[in-house]
Amino acid sequence: MQVRMELTYRTKKGLETMLSSDMMQAGQAVIIAEDMEKTGRIKQLTFIDSNDRSWTYKQLKKYMEEIKTEPHDITVYFDGGFDLKTDKAGLGCVIYYEQNEKAYRIRKNALVEGLINNNEAEYAALHLGLTELELLGVHHLPVTFVGDSKVVIHQLDGEWPCYEKELAAWINRIEQKLEQLGIAPTYKDVSRKMNREADQLATQALQEIEIMSHRER
């Protein structure tokens, strides 16, 4: 989970000012807050998450302790490709997460039939990532989904309308799964270069090279 800090800083002479930080991982925010509070000049410290929820220092620290043994700080990269010659789609997803103070990576791809274009393959790739999260036991946590498909990213975040019935069906399927797992999604649009790992997995799937790995980073 990412948060920003909002606080009042007071100097030795009693001057006060309001300060707000950039967004950062919650664990980093807790460490910084602990260090700043040692000065004795911090008042009204509040943490704001990406959903604009407010947390006190005590609440956030308790939350971090509770999730330490569960998968958290999760980012899912996804990509899909459609081959017109074979009418098959290659799906790829990469999941980064932390658990028990260690960092892990899951790489997964799949070759599927029954899709009709590249946009549908992109949706199916994101859904593949969701399926892996469910197998991992992820629930009631924020998750960032990263892809190079502007259509998928901006239709899911509500910025773009969706008129195609096939894509609308995928949106419903994905939103139902998110609700079932209690996942609060954040969607991020990146360049293909920044999504290279998921793109490679999708390409390998079209080449009928199956990949499934789960290891510590």
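Is Arg-107 buried or exposed, and what is its relative accessible area? Arg-107 is buried, with a relative accessible area of 16%; buried means under 20%, exposed over 50% and partly exposed in between, using a 1.4 Å probe and protein chains only.

The model shown is predicted, so local features need pLDDT of at least 70 and side-chain atom pairs count only at pLDDT 80 or more, while totals for chains, interfaces and linings use all residues. Residues are numbered from 1 along each chain as its sequence is written, and side-chain values use heavy atoms, with hydrogens and water left out.

**View 1. Arg-107 and Glu-197 meet in a salt bridge.** Here the N to O distance is 3.5 Å; a salt bridge is a side-chain nitrogen of Lys or Arg within 4 Å of a carboxyl oxygen of Asp or Glu. Glu-197 lies in helix H6 (residues 196-206) and Arg-107 in strand S8, so the pair ties together parts 90 residues apart in sequence. Helices (H or I, at least four residues) and strands (E, at least two) are DSSP runs, numbered from the N terminus. Glu-197 is partly exposed, at 24% relative accessibility.

**View 2. Lys-61 pairs with Glu-34 in a salt bridge.** Their side chains come to 3.1 Å, N to O. Lys-61 belongs to helix H2 (residues 57-67) and Glu-34 to helix H1 (residues 26-37), so this pair links parts 27 residues apart in sequence.

**View 3. Lys-150 forms a salt bridge with Asp-189.** The closest N and O atoms are 2.7 Å apart. Lys-150 sits in helix H4 (residues 150-156) and Asp-189 in strand S10 (residues 184-189), so parts 39 residues apart in sequence are tied together.
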